[in-house]
Amino acid sequence: MRTVDSFTDRPFTGNPAAVLLLDHAPPDEWMAAVARETNVSDTGFVIRETLPDADFRLRWFTPMVEVDLCGHATLASAHCLFEDGVAGPIRFATRSGVLTVTRQPNGSLAMDFPASPPAEVDARSAAAAALGAAVEWTGCTEDDFFLLALLADEGSVRNLSPDLSAVAELDASAVIATAQAGAGQGYDFVSRLFAPSVGIPEDPVTGSSHTVLAPFWSRRLARTSLVGLQASPRSGLVGVELNGDRVTITGRAVTVLDGALSAAANPSS
């Protein structure tokens with residue numbers, strides 16, 4: 001089992017994910033228990049299976065639930081496999097279809113994900129009350145997982161101190177607060193993500209939220225290639241490129257811990 005910091009090239013920054021490489025599919029209850037034990041925002045379980053269109057199966061668990069898509073744990077899982085000498089591209093069979101990760105010449109990893117453009121909904125008042133800041137626009141993804149809230153400027157996003165109990169009551173599993181970057185920055189937009197209802201008060205750097213942010217900001221800024229900064233205390237940069245109904249999400253990762261479960265914790269015990 002490894003702990004990998006994603007969307008960074010420096011330890012103790014970015015978003016930590018736990019990664020387990022397994023020869024057989026364990027019981028769901030065991031994976032949920034491991035995720036509670038690791039207590040990071042997401043634990044990725046890479047399972048070696050014979051699959052017609054993928055190289056591995058990948059599942060993601062927060063400390064509370066299994067999720068349909070997790071970017072930083074996908075990045076971490078691919079990083080571990082590349083560390084172990086697996087040749088790319090790597091194809092993962094997941095609850096969101098087959099996701100392909102390619103290692104770029106500069107060492108970064110590019111993940112091919114489905115895009116999730118938000119559709120406008122009238123949730124500005126509720127989102128503003130929960131976030132504690134004025135909200136200019138709100139939109140929700142088709143699966144109702146993400147609620148996106150557009151704020152006035154970068155400072156408004158950085159200075160948020162939301163009421164997490166109120167955030168958990170909103171009609172979405174996760175709330176993305178975002179704004180255009182200030183002038184002269186090396187990124188195009190900023191965001192923060194709060195998901196207390198699935199066990200993540202604030203996620204440090206979220207790959208899956210950028211499947212929402214990429215189409216949103218691509219329309220507003222009239223560009224398909226952008227860079228986002230997730231402005232959490234463990235902030236990280238996320239590259240995005242919109243390709244029709246897909247988005248390429250790019251980042252780096254670094255392994256910080258490498259160990260093994262004890263025999264008593266083995267799923268067959």
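**Entry 1: R48**

Leaving aside neighbours within four places in sequence, which residues is R48 in contact with? I found L21, L22, D23 and F56, where contact means heavy atoms within 4.5 Å.

Before going on I noted the ground rules. This is a predicted model, in which local features need pLDDT of at least 70 and side-chain atom pairs count only at pLDDT 80 or more, while totals for chains, interfaces and linings use all residues. Residues are numbered from 1 along each chain as its sequence is written, and side-chain values use heavy atoms, with hydrogens and water left out.

I placed R48 in the loop between β3 (42–47) and β4 (56–61); helices (H or I, at least four residues) and strands (E, at least two) are DSSP runs, numbered from the N terminus. The R48 side chain makes a polar contact with the side chain of D23 at 2.8 Å. A polar contact is a pair of N or O atoms within 3.5 Å; within protein, one must be able to donate a hydrogen and the other to accept it, and residues adjacent in sequence count only if both atoms are side-chain atoms. R48 counts as partly exposed because its relative accessibility is 40%. The classes are buried under 20% relative accessible area, exposed over 50%, and partly exposed in between (1.4 Å probe, protein chains only). I also checked R48 against F61: they are 13 residues apart in sequence and 18 Å apart in space, C-alpha to C-alpha.

**Entry 2: T62**

I found T62 in the loop between β4 and β5 (66–67). T62 counts as buried because its relative accessibility is 2%. Its side chain reaches the backbone nitrogen of M64 at 2.9 Å. Beyond four places in sequence, T62 is in contact with A35, S41, D42, V67, V198 and I200.

**Entry 3: pockets and cavity**

I took the definitions as follows. On a 1 Å grid over the protein atoms alone, a cavity is a set of points where a 1.4 Å probe fits but cannot get out, and a pocket is an open set with protein on both sides within 12 Å along at least five of seven lines; lining residues have an atom within 4 Å of a point. Grid points are joined across faces, edges and corners, and a volume is the space filled by probe spheres set on the points.

The largest pocket has a volume of about 320 Å³. It is lined by 18 residues, and L21, L22, L261, N266 and P267 lie nearest its centre. Strand β2 (residues 15–22) gives the most to this lining, with four residues. I logged the lining of the largest pocket as ten nonpolar, four polar and four charged; Ala, Val, Leu, Ile, Met, Phe, Trp, Tyr, Cys and Pro count as nonpolar, Asp, Glu, Lys and Arg as charged, and the others, Gly among them, as polar.

The second largest pocket has a volume of about 260 Å³. Of its 13 lining residues, D68, L69, S96, D143 and F145 lie nearest the centre.

How many cavities of 30 Å³ or more does a search of the whole structure find? It finds one. The largest cavity has a volume of about 140 Å³. It is lined by 17 residues, with D42, F145, I200, T206 and S208 closest to its centre.

**Entry 4: cores**

I looked for nonpolar cores, meaning sets of buried Ala, Val, Leu, Ile, Met, Phe, Trp, Tyr and Cys residues joined through side-chain atoms within 4.5 Å. The largest has 50 residues, and W60, F92, V240, V247 and I249 have the most contacts inside it. Helix α2 (residues 71–83) gives the most to this core, with seven residues. A second, separate core of 23 residues includes L151, A177, V190 and A231.

**Entry 5: backbone**

Most residues other than glycine have a negative phi, and most peptide bonds are trans, so I listed the exceptions. F12, not a glycine, has a positive phi of about 70°. F12 lies in the loop between β1 (2–6) and β2 and is exposed, with a relative accessible area of 65%. N39 also has a positive phi, near 60°, and lies in the loop between α1 (28–38) and β3. A cis peptide bond joins G88 and P89, with omega about -5°. I placed P89 in the loop between α2 and β6 (90–94).
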